[in-house]
Every structure is written in structure tokens, then in C-alpha cells.
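Please look at the sequence and the structure first.

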Amino acid sequence: MPRRNRSQPPRRRGRADPDRVPFVPATTRTESGPAGFGDERFTVRTVPGSRATKPYRCPGCDHEIAPGTSHVVAWPTDAIGGAEDRRHWHNGCWKARGTRAPTRRWS
């Protein structure tokens with residue numbers, strides 16, 4: 001008698017977990033900084049909404065960046081610092097950084 005192939009239970013088939021966030025590689029680039037910072041260069045990384053899990057305060061507009069909102073993270077390229085030097089910006093605020101200076105919370 002031939003053997004019957006049995007399907008695997010759903011948990012073993014590799015179904016997508018709805019709570020699992022898919023990996024999206026970040027893009028990192030170097031750009032000029034905001035107004036008031038002279039010719040200082042900043043390293044900028046794009047954070048997709050699927051990877052944004054915490055609220056942040058944007059230094060460009062002083063409003064909150066809600067979890068799930070895509071944004072950019074910028075930090076001085078030449079500074080030897082850590083996480084305390086990184087700033088999370090709304091995409092629009094970062095694009096408009098040449099026309100306005102960061103708010104008082106930047107410092």
C-alpha cells in the first residue's frame with residue numbers, strides 16, 4: 001500500500017507571526033546639519049514606521065513623533081558620543097532644517 005503524505009500542523013509551516021516586525025534595512029547617509037550648526041556634518045539614518053516603537057521629541061518642531069511614524073535619526077559625524085547625541089526628527093522637519101534652527105530642547 002502506498003504511503004500517504006500528511007500535511008504539517010499550521011504552527012510548523014512557518015506562517016507569518018502577526019506580532020513579528022519584518023526586518024527592513026536602514027539607510028545611512030551623511031548630510032549637512034541644521035541651521036545654526038555651521039558646516040557641521042551629520043550622519044542620518046532613516047527609521048521606517050514598522051521599526052519605530054517608542055515616542056520621541058522632534059527638535060525641529062518640538063512635537064512628539066508617535067510610535068509607528070517613519071522619521072530620521074541624526075547625530076554629529078565627528079562627535080565621539082553615544083546615544084545621547086542622537087536626535088529623532090520628523091522627515092519634514094529634517095528636510096526644512098536649512099530654513100529654521102532647532103528648538104530650545106536641542107541643546
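## Aromatic pairs and cysteines

Phe42 and Trp94 are both buried. The model discussed here is a predicted one. In it, the rings of Phe42 and Trp94 make an aromatic pair with edge-to-face geometry. Phe42 belongs to strand β2 (residues 41-47) and Trp94 to helix α1 (residues 91-95), so this pair ties together parts that are 52 residues apart in sequence.

Trp94 also pairs with Trp89, again edge-to-face. Trp89 is buried, as is Trp94. A search of the whole structure gives two aromatic pairs, and the table lists their geometry.

| Aromatic pair | Centre to centre | Angle between the planes |
|---|---|---|
| Phe42 and Trp94 | 6.3 Å | 65° |
| Trp89 and Trp94 | 5.2 Å | 75° |

Together, Phe42, Trp89 and Trp94 make up one aromatic cluster.

The cysteines come next. How many disulfides does the model contain? The count is zero. A disulfide is a covalent bond that joins the sulfur atoms of two cysteines. To be counted, the two sulfur atoms must lie within 2.5 Å. For Cys58, the closest cysteine sulfur is that of Cys93, at 3.7 Å, which is too far for a bond. The closest cysteine sulfur to that of Cys61 is likewise in Cys93, at 3.7 Å, so this pair is also too far apart for a bond.

Cys61 is partly exposed, at 22% relative accessibility.

Conventions
Residues numbered from 1 in each chain as written. Predicted model: local features only at pLDDT ≥ 70, side-chain atom pairs only at ≥ 80, totals over all residues. Heavy atoms only, no water. Buried < 20%, exposed > 50% of the residue type's maximum accessible area, 1.4 Å probe, protein only. Phe/Tyr/Trp six-rings, centres within 6.5 Å; stacked < 30°, edge-to-face > 60°. Helix = DSSP H or I, 4+ residues; strand = E, 2+ residues; numbered from the N terminus.
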